[in-house]
Amino acid sequence: MRRLSCMGGWDRPGIVHRLDRDTSGVMIVAKNDVAHHKLSLMFKAREIHKTYIAVCTVREAFREGVIEAPIGRNPRDRKAMSIRYDSGRAAITEYHVRHVFGRYAVVEAHPRSGRTHQIRVHLKFMGMPLLCDALYGYEKVVYRSTLTGRAREPDEPPLLRRQALHAQRLRFVHPRTGVPLCIESALPPDMLGLIGFLRSTFGERA
């Protein structure tokens, strides 16, 4: 295998940034240390623009907005983050609601900062927690019956086994050539199946 950057450590060759565990989507991998260093600086300077797709529960779907709320470690659960006005670090997320199916929504999110679990924490703060995100208060596994409120059959297969979050797109300038790049990852089958089920079961709200 071709050698990759070792700046991230021997166990993370070429890895410039991270995704939350069980979040699908696109990542940048650096071929050498020079590119890795430049890309890391670009992330810190917020010069790499990220687009995520999330499926959430909603009480009232605010069609778009900018969430500005500091994020810090949750004092009651060290695995989780929370809004911390006393000690959190500044965090900003822009979001647009793409589709609403009953009490569920497909949301496009653009984090302007890179805090741990940022989109998951910010959308929960807005009353739009992600489906299948057990860390932030939803079911660990989602079934069709979970979404419709029916009793679950013993042999009913799961619809989703992870938080409904996908890193869809990265836009940035190539660190060596200066050419603008846009890298995309199509929605994976589990999220496509989830959205298709919501659309066919609840219909889309105007």
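Reader: Where is the place of His117?
Author: Happy to start there, and note that this is a predicted model. Going by the numbered helices and strands, His117 sits in the loop between β7 and α2.

Reader: Is His117 buried or exposed?
Author: The relative accessible area of His117 is 11%. Buried means under 20%, so His117 counts as buried.

Reader: Which side chain does a polar contact of 2.6 Å join to that of His117?
Author: Setting aside neighbours within four places in sequence, His117 is in contact with Asp20, Lys79, Met81, Leu135 and Tyr136. The polar contact of 2.6 Å links the side chain of His117 to that of Tyr136.

Reader: Let's move on to Phe62. Is Phe62 buried, exposed or partly exposed?
Author: Phe62 lies in the loop between β2 and β3 (64–68). Its relative accessible area is 36%. Exposed means over 50% and buried under 20%, so Phe62 is partly exposed.

Reader: What distance separates the C-alpha atoms of Phe62 and His96?
Author: Along the chain, Phe62 and His96 are 34 residues apart. Not counting residues up to four places away in sequence, Phe62 touches Tyr95, Val97 and Met126. The C-alpha atoms of Phe62 and His96 are separated by 8.3 Å.

Reader: Which residues touch the most other members of the largest nonpolar core?
Author: That core has 37 residues. Leu123 touches Ala54, Cys56 and Ile67, among others, not counting residues up to four places away in sequence. The residues touching the most other members are Ile28, Leu39, Ile48 and Leu123.

Technical notes: Residues numbered from 1 in each chain as written. Predicted model: local features only at pLDDT ≥ 70, side-chain atom pairs only at ≥ 80, totals over all residues. Heavy atoms only, no water. Core = buried A, V, L, I, M, F, W, Y, C linked by side-chain atoms within 4.5 Å. Buried < 20%, exposed > 50% of the residue type's maximum accessible area, 1.4 Å probe, protein only. Contact = heavy atoms within 4.5 Å. Helix = DSSP H or I, 4+ residues; strand = E, 2+ residues; numbered from the N terminus. Polar contact = N/O pair within 3.5 Å; in protein donor to acceptor, adjacent residues only side chain to side chain.
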